[in-house]
Amino acid sequence: MSKSSRQRAQERIAQIRAQEARRRRRRLWLAVTGAAVVVIAAAVGITLAVTGGGSSGGGLSLAPLSTLGTLSPAPAAGPAGPEGVPVPAGPALASTATVATGQPVDGISCQTSEQTLFHIHAHLTVFVNGSARQIPAAVGIPGAQATNTPQGPFIETGTCFYWLHTHAADGIIHIESPVQRTFTLGNFFNIWGQPLGPDQVGPAKGHVVAIYNGQVYQGNPRDIPLNAHAQIQLQVGAPLVQPEQITFPNGL
């Protein structure tokens, strides 16, 4: 790959991070403004009752990690990929070959340019019988064209981009949509063309344990929401391993 192609890929990664940094600043400003409104409301005697499943779950049905018993240590993280996130030292869970080649899936379109009105990221890790599996690059990017960077391949272009897609094999799911809505892990697997349920993750079959932000998710893994900076771990079979945590780099 030419030096100019590598430079374009690195510039594209920098652009993605810069866009997300601007959105973070805007979300922070909105959060500060919202806090001020709450303080004013409290001053005039308005009581706000907060119910649900807590800050980490947002009303989801979650159980303590201790309910799983003793967990094996998570394997050592792999080297950092082009997005600054470790790439698991294991084979891909499944290929990116899929029947989704541009037609809408679950009401999610595939468009010639990435949509950034609603732009967040989640992280997915998968273990099968205690061994790591990669979520491959180019899920949701038909006709993907990879550019080699010093940290590994990065998907820069394609025929079109589904609103849910991956640029690298690091488990980062990019949610880039022209509409703000709640997307789920089931939507992502449907675009990928892989099965997902309580007894199967892609081609791996067996009892599935899902961990969401360090707690046990109680429900069908298809329904797990892809919220901003959600850390999701799916495990098929035994042994079960401790949740693998990443630090989202600036811009993701």
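How many aromatic pairs does the structure hold? Hi everyone, the count is four. By a pair I mean rings of Phe, Tyr or Trp (its six-membered ring) with centres within 6.5 Å; planes under 30 degrees apart are stacked, over 60 edge-to-face, and the rest tilted.

A quick word on the model. It is a predicted one, where local features need pLDDT of at least 70 and side-chain atom pairs count only at pLDDT 80 or more, while totals for chains, interfaces and linings use all residues. Residues are numbered from 1 along each chain as its sequence is written, and side-chain values use heavy atoms, with hydrogens and water left out.

Let's start with Trp163 and Phe183. Helices (H or I, at least four residues) and strands (E, at least two) are DSSP runs here, numbered from the N terminus.

Are these two buried or exposed? Trp163 is buried at 8% relative accessible area, and Phe183 is buried at 1%. Buried means under 20%, exposed over 50%, and partly exposed in between (1.4 Å probe, protein chains only).

Now to helix α2, where Phe189 and Trp192 are three residues apart, so about one helical turn separates them. Their ring centres lie 5.2 Å apart with planes at 45°, which makes the pair tilted. Phe189 is buried at 0%, and Trp192 is buried at 1%. Finally, ring pairs join Phe188, Phe189 and Trp192 into a cluster.
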